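Visitor: I'd like to learn how to read pockets and helix packing in a model. Could you walk me through one?

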Amino acid sequence: MKTTKFQLKNGLKVILTESHKSPVVSVQMWVRTGSADEKKSEEGISHFIEHLVFKGTRKFKVGEIASIIEGAGGELNAYTSFDQTVFYVTISKQFTDVGLVAIAEMMGHPTFDAQEIDNEREVVIEEIKRGKDSLGRQASENLFSTNYKKHPYGIPVIGYDKNVREMSAKKIVKFYQSRYAPKNMFLLISGDFQTPEMKKKVTEFFGDIKDYKIKKVSRTKEPKQTKPRVSIEKGSFEQSIGYLSWKIPSIKHKDIPALDVLGFILGQGESSRLVQKLRIQSAVVNSVGASSYTPMDEGLFAVSVGYNKEKLIPALQGVEEVLTEILSQPVQREEIQKAVLNLESEEFYGLETVDGLSRRMGSLEFYFKDLKAQDKYIRAIRQLTPADILRVARKYINAQTLSLSFVTNDELKRVEKDVSAWQKQFLSNLKKIKPVKFKNAKVPHEKIKALAKRAVHSETEKLVLKNGVTVLLRPSTETEVISAKAAYLGGLRIEPNQQEGLTELLGRTWTCGTKNRSEEQISEEIETMASGLSPVSGRNSLGLGQDILAGFQKRGADLFLDVLLDPTFPVEAVEREKLVQLEQVKSKADNPGQCCSRRFMSDIFNGHPYSRDMLGTESSLRSLDHKSLSKLWNQSRTSKNLTISLCGNFDRQLWLDKIEKATEKIQAGSKQSSQFPLPELKENILAFEHSKKEQSHVIYGYRGLSLTDEKRYALHIMQSILAGQGGRLFIELRDKNSLAYSVAPMRMEGVDTGYFGAHIGCSPEKVAKAISMMKEQFDLLADQEVEEPELKRAQRYLVGRHDIDLQRTSSVAAAILYNDIYGVDYNEAFSCADKYFAVTAKDVRNLAQEIFSQKHVITAVGPQNPF
């Protein structure tokens, strides 16, 4: 990779990084301003401006920027954080100029039209309401407001609805001009281009951005915390989330590498101490983790627990045991080795895409103004010893700076009493911990072998082994990453009646032990290779995926095949995961969007296996056990029903030899071919479920197509016409009518059938209009042929997004695998562009008439019944 830095005459810094792995370019503008740079009454203005620069510039009207980007097959988005605001485009190299002009116009020439500002207020307010319906968002806001009493990190990035309602155009423009100046931004372009040519383009597109005077901003410093803090908020959620957190220095501090390693050892990965103690061994939490949050100013080291309210005290006691141990004794050198390897491996996994490359380069420039800072960080973590980890643990995990924050639906007084009692005991125990003498030593590290070389792409090779197993191979030598995927046909479709949730439970327990390895050994092996091993329980199949670096593939192949072929579903693991799944069923009301989706599936596919809830029901889950899992597994696990795909820098002969040997004794069986009739939908269905949340969620849908239906290309185009920021639903329902923050078409194709429709989350009083407008858009597709420019936009949008997705080896491996098992040409992923460009406006209209003339299902979940 070649990187070049230069500066335009207006002060804009530019970083160009060539990467010719894929014909894709990433254009990102990083603004050195975030919500922490806002003053009183400005809270939320940075996030609001992030929305508004999409709403028109000197060259483009509302919706046109998104339309030209999506019309060129690109992706356009932005985010605001405490410290920065980032705008980004990912696009095919042949449309680089489109991405450049879009970012240049948004950053340098927004119009801030008064009417559009008013329209977008409602959208942002809907986004704020959506956050109030999210347990994770509420818990995060409580975490930061508890830790930061004066510093602006204690204020939500999104701000407050009162401010959003009152911000004038004048105030917005003034803030924009004081922060969005070239000297306060930098442009980052990564991907497939030639630097000399790109420098000329950058000067052409960005050279005329006006250099406003930057307003100096000083952030209020957080006073030193001298005693513990406790904050317990009442939530309207079935589950609870709690944080134990401590102040730590900013990202530049010398202790950060050791704190990152400490976080990994404590709570990242299945073999980490907190996960093993609280999640695997005692099962007192639904989730647990630990990490360091390292922004520009003082950050946090936090332990998070997701739990059921009756298990608060066991969860806290478990955390205390783990923390006491980490503060009492030095960590094992193997734990440091594992942490360092996984942190270092991000260098390879994160750089598979131009977006990942740009994010890394952007972070390095933003926080350090040094593109070599990552190399220094890797050297620092490689030099850490057990004494270093013990030192930072004792330095930062202390009594004075502990903050406890919880969001729970439990009785607050009781929680306060329990937490206070535990806190006093914990702090007392911390004081009793005495230094121990031990022999410190340097930790040796295995260097990740770099096997990538000049790009060589081969065609997909399909083999059927003697025992009937199908293997798909697609080598690619320019990456260190190998992706192995495997699938058995079946899934939810062959789940026995009255055993709903069995397929999901199988996926959750698949990696919990084999004939050769325990659950703990599997977790340990995964993380000592910096790999990932992920089961997938689907409606049509059961799958297992592994991402691994090429240097570890020999060990990785052994582990992958052992888990793929010989899981044992240990009784204790089945019972543990069943309880977690059962709690998710009980707390499904916490997510009204998912409730809406489940009810829609139940009605649209009534009488077919697709109508079942993947999680199951309380009664069905209680009947599931090791025996029922084993029966479903044996039904699926036959050689003729198994397909394996490999993509990346793999050793062909090594993998084939191992696959043949591992599968030679599997029963041949046959490929799952069961067909399930779908009863006719004889009348329209209007279904409502009550929810005590801020927003209502609505799905308006129809029966769709199967995975092999030749009309599916036209259906994808139809979805593309409605989708994206330049699509009809976004423009009409969000941009023009401010009905929602999120509105989108939705589609599913299955082995037997599918659905097509749209989803929106909005305030209850807007539901009726939203339903009416969704129907208008469906009718319009059926009544009128789409015009050529819009058709071209939809086609390019699909093809471009597809090409961007295929930057990752895992995406390629999944595409060839699932196409093949579902009866589609396995190479379709590399030739679908021709199929999409062959779709005509008439094809789209004919399909729209066919689909929208059927009976429909409208499902609503919210505080008011719209029917």
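Guide: Let's begin with the pocket: H13 gives the largest share of the lining of the largest pocket, seven residues. Helices (H or I, at least four residues) and strands (E, at least two) are DSSP runs, numbered from the N terminus. This is a predicted model, where local features need pLDDT of at least 70 and side-chain atom pairs count only at pLDDT 80 or more, while totals for chains, interfaces and linings use all residues. Residues are numbered from 1 along each chain as its sequence is written, and side-chain values use heavy atoms, with hydrogens and water left out.

Visitor: Which elements each supply at least two residues of the lining of the largest pocket?

Guide: In general, rolling a probe the size of a water molecule over the atoms shows where empty space is left. A pocket here is an open set of points on a 1 Å grid over the protein atoms alone, where a 1.4 Å probe fits, with protein on both sides within 12 Å along at least five of seven lines; lining residues have an atom within 4 Å of a point. The elements are helix H9 (256-267), strand S9 (287-293), helix H12 (333-349), helix H13 (354-368) and helix H14 (373-382).

Visitor: How much space lies in the largest pocket, and which residues are the closest to its centre?

Guide: About 1,200 Å³, counted as the space filled by probe spheres set on the points, which are joined across faces, edges and corners. Of its 43 lining residues, Asp-260, Glu-346, Ser-363, Gln-374 and Tyr-377 are the closest to the centre. The lining has 17 nonpolar, 14 polar and twelve charged residues; Ala, Val, Leu, Ile, Met, Phe, Trp, Tyr, Cys and Pro count as nonpolar, Asp, Glu, Lys and Arg as charged, and the others, Gly among them, as polar.

Visitor: At what angle do the axes of H9 and H12 cross?

Guide: Two packed helices are described by the angle between their axes and the distance between the axes. Axes are lines fitted to C-alpha atoms, for helices over the stretch in contact, and angles run from 0 to 180 degrees between N-to-C directions. H9 and H12 cross at roughly 110°, with axes coming within 9 Å. They are therefore roughly perpendicular (65 to 115 degrees; under 35 is roughly parallel, over 145 roughly antiparallel, the rest oblique). In contact (heavy atoms within 4.5 Å), Asp-260 and Phe-264 are among the H9 residues, and Glu-335 and Leu-343 among those of H12. That contact divides into seven nonpolar, one polar and three charged residues.

Visitor: How are H25 and H27 placed?

Guide: The axes of H25 (residues 712-722) and H27 (residues 767-783) come within 12 Å and cross at roughly 130°, so the pair is oblique. Met-718, Ile-721 and Leu-722 in H25 meet Gln-777, Phe-778 and Leu-781 in H27. By class, this contact has five nonpolar, one polar and no charged residues.
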